[in-house]
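Welcome, and thanks for taking a look at this one.

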Amino acid sequence: MKKLIGITGGALIALFSAQTAASADEILKVGLSAPMSGSAAAWGLGFEYAAEQAVEKVNSEGGIKAGGKTYKLELHVYDNKYNAAEGAKTAQTMLNREGIKFIVGSIGTAPVRATQALTERQGVLLFNTGWGKSIKGPDFPLTFTQMNTPFEILAPFFGYIKEQHPDLKTVAMITPNDATGQEMEPVAIDTWKSLDVEVISTDRYERGTTEFQSIATKIANSKPYAVDFGASPPADVGSILKELDVLGWNGIKIVAPGTSAGTLSNMAGAAAEGVYLGASADFQGDSASEAQRKLNEGAVAKLGESLNNITISSYDAVMALKAGIEAADSIDPKKVAEVLPTIVFESSYGPAAFGGKDVYGSPQQILIPVMITQIKDGAAVEVGRVAPDELKERLKTN
């Protein structure tokens with residue numbers, strides 16, 4: 001699947017007309033790799049929408065200026081089906097056929113790894129939402145993560161839940177058997193142990209699984225205080241919650257990458273009530289920025305689903321790219337990558353930056369607040385927020 005989002009039809013006509021050809025803006029292609037089909041499609045569709053809005057904003061405000069030229073963005077969207085094979089295929093198309101030098105979002109650790117194998121070798125800048133620690137570090141200077149990952153989320157997220165439920169002693173884990181799940185599981189286990197919570201069981205399932213009765217039965221029979229759904233996408237979590245509800249289990253429900261309260265509620269009904277989400281957000285609440293409320297209103301109207309920390313991140317990646325190109329005064333991806341860790345840019349959350357050198361070995365992790373939400377009456381309501389100390393220090397000096 002490929003979808004092309006550029007500037008408006010009228011602007012395109014003007015751009016290529018003979019009368020304005022001499023003074024026309026340059027076109028800068030940017031790519032997006034996301035699951036546009038399957039159980040994770042809710043992420044892909046929101047991801048696409050947020051990127052579209054960012055591209056339209058940049059273009060309508062005069063584009064990006066660098067090296068004495070003005071560039072208008074042209075967005076190319078591809079379906080990576082949330083697996084490595086399609087991630088590699090879409091990357092090959094973007095890089096080798098379209099000549100794309102900037103990817104403003106890729107969802108899924110497995111697709112990101114497959115994409116990264118090409119982008120780093122071919123000198124392409126890659127923004128991504130991959131949760132694996134292995135995709136960052138000095139060996140990958142052109143890779144930047146555009147949302148919070150387990151290393152930013154799990155400690156404050158699990159800590160908050162433990163504070164709300166002091167009697168929480170045991171947790172059962174279930175997660176997809178892929179790169180994302182495999183890298184997240186040990187981090188989650190260590191974080192629970194640090195809170196004196198025992199992980200009594202861990203189960204993995206293959207992406208694309210639709211029958212969860214046996215796993216749900218095993219979990220219910222172990223009688224955990226809580227179930228940690230690991231890296232499971234919204235549709236899978238909803239299916240498992242339905243099974244657990246039928247079995248009479250009604251403990252604490254935790255989804256660290258939890259995003260889509262609407263999808264969960266539609267899938268699981270009342271069983272979704274009270275679920276803690278670590279990557280969702282209340283973008284219509286008082287704590288949301290004006291930009292986030294506007295973006296969210298548009299997403300609800302178009303998609304019937306609120307944005308979350310995953311989906312809105314493509315907007316922030318475009319904003320970071322614009323700021324990076326203009327600070328570098330160049331569209332050379334290597335020069336932009338060198339500049340990105342040194343600047344503060346305006347994200348949907350407000351001022352943001354890239355850091356995380358102490359964790360990853362190089363400053364490639366976006367610095368934004370961790371927002372903790374809980375499903376109440378079918379909607380994600382923010383119940384806690386933690387701003388990273390590194391961002392606070394950066395803002396003092398800017």
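This is a predicted model: local features need pLDDT of at least 70, side-chain atom pairs count only at pLDDT 80 or more; totals for chains, interfaces and linings use all residues.

**Charged pairs**

- Glutamate 86 makes a salt bridge with lysine 89, and their closest N and O atoms are 3.4 Å apart.
- Both partners belong to helix α3, where lysine 89 and glutamate 86 are three residues apart, about one turn of the helix.

*Between parts of the chain*

- Glutamate 185 and arginine 204 are joined by a salt bridge in which the closest N and O atoms are 3.1 Å apart.
- Because glutamate 185 sits in helix α6 (residues 179-194) and arginine 204 in strand β9 (residues 198-205), this pair ties together parts that are 19 residues apart in sequence.
- Glutamate 185 counts as buried at 10% relative accessibility, while arginine 204 is partly exposed, with a relative accessible area of 39%.
- Lysine 29 and glutamate 98 also meet through their side chains in a salt bridge, at 3.2 Å from N to O.
- This pair links distant parts of the chain, 69 residues apart: lysine 29 is in strand β2 (residues 26-34), and glutamate 98 is in the loop between α3 and β5 (102-106).
- Lysine 29 is partly exposed, with a relative accessible area of 26%, and glutamate 98 is buried at 13%.
- A network of salt bridges links Lys29, Arg97 and Glu98.

**Aromatic rings**

- How many aromatic pairs does the count come to? The count comes to 11 aromatic pairs.
- One of them joins tryptophan 43 and tyrosine 82: the ring centres are 5.9 Å apart and the planes are at 55°, so the pair is tilted.
- Because tryptophan 43 lies in helix α2 (residues 41-60) and tyrosine 82 lies in the loop between β4 (69-79) and α3 (84-97), the pair ties together parts that are 39 residues apart in sequence.
- Tryptophan 43 is buried, with a relative accessible area of 2%, and tyrosine 82 also counts as buried, at 11% relative accessibility.
- Phenylalanine 144 and phenylalanine 354 make an edge-to-face aromatic pair, with 5.3 Å from centre to centre and 75° between the planes.
- Phenylalanine 144 is in strand β7 (residues 143-145) and phenylalanine 354 is in strand β14 (residues 350-355), so this pair ties together parts that are 210 residues apart in sequence.
- Are phenylalanine 144 and phenylalanine 354 buried or exposed? Both phenylalanine 144 and phenylalanine 354 are buried.
- Phe144 and Phe354 belong to one aromatic cluster together with Phe127 and Phe345.
- A charged residue meets a ring as well: lysine 136 lies over the face of tyrosine 360, at 4.0 Å from the ring centre.

**Helix packing**

- Helix α2 packs against helix α11 (residues 313-328) at an angle of about 30°, and their axes are 7 Å apart.
- The crossing that α2 makes with α11 is right-handed.
- Residues that meet across this contact include Phe47, Ala50, Ala51 and Ala54 in α2, and Tyr315, Val318 and Met319 in α11.
- Helix α8 (residues 234-246) packs with helix α9 (residues 261-268) at an angle of about 35°, and here the axes are 8 Å apart.
- The crossing of α8 with α9 is right-handed.
- Among the residues that meet here are Pro234, Ala235, Val237 and Leu241 in α8, and Leu264, Met267 and Ala268 in α9.

**A loop residue**

- Where is aspartate 196 found? Aspartate 196 is in the loop between α6 and β9.
- Aspartate 196 counts as exposed, at 65% relative accessibility.
- From C-alpha to C-alpha, aspartate 196 and glutamate 297 are 41 Å apart in space, and they are 101 residues apart in sequence.

Note on methods:
Residues are numbered from 1 along each chain as its sequence is written. Side-chain values use heavy atoms; hydrogens and water are left out. Rings of Phe, Tyr and Trp (its six-membered ring) pair if their centres lie within 6.5 Å; planes under 30 degrees apart count as stacked, over 60 as edge-to-face and the rest as tilted. Helices (H or I, at least four residues) and strands (E, at least two) are DSSP runs, numbered from the N terminus. Buried means under 20% relative accessible area, exposed over 50%, partly exposed in between (1.4 Å probe, protein chains only). A charge sits over a ring if NZ of Lys or CZ of Arg is within 6 Å of the ring centre and within 35 degrees of the ring normal. A salt bridge is a side-chain nitrogen of Lys or Arg within 4 Å of a carboxyl oxygen of Asp or Glu. Axes are lines fitted to C-alpha atoms, for helices over the stretch in contact, and angles run from 0 to 180 degrees between N-to-C directions. A crossing is left-handed if the near helix is turned anticlockwise from the far one by less than a right angle, and right-handed if clockwise. Contact means heavy atoms within 4.5 Å.
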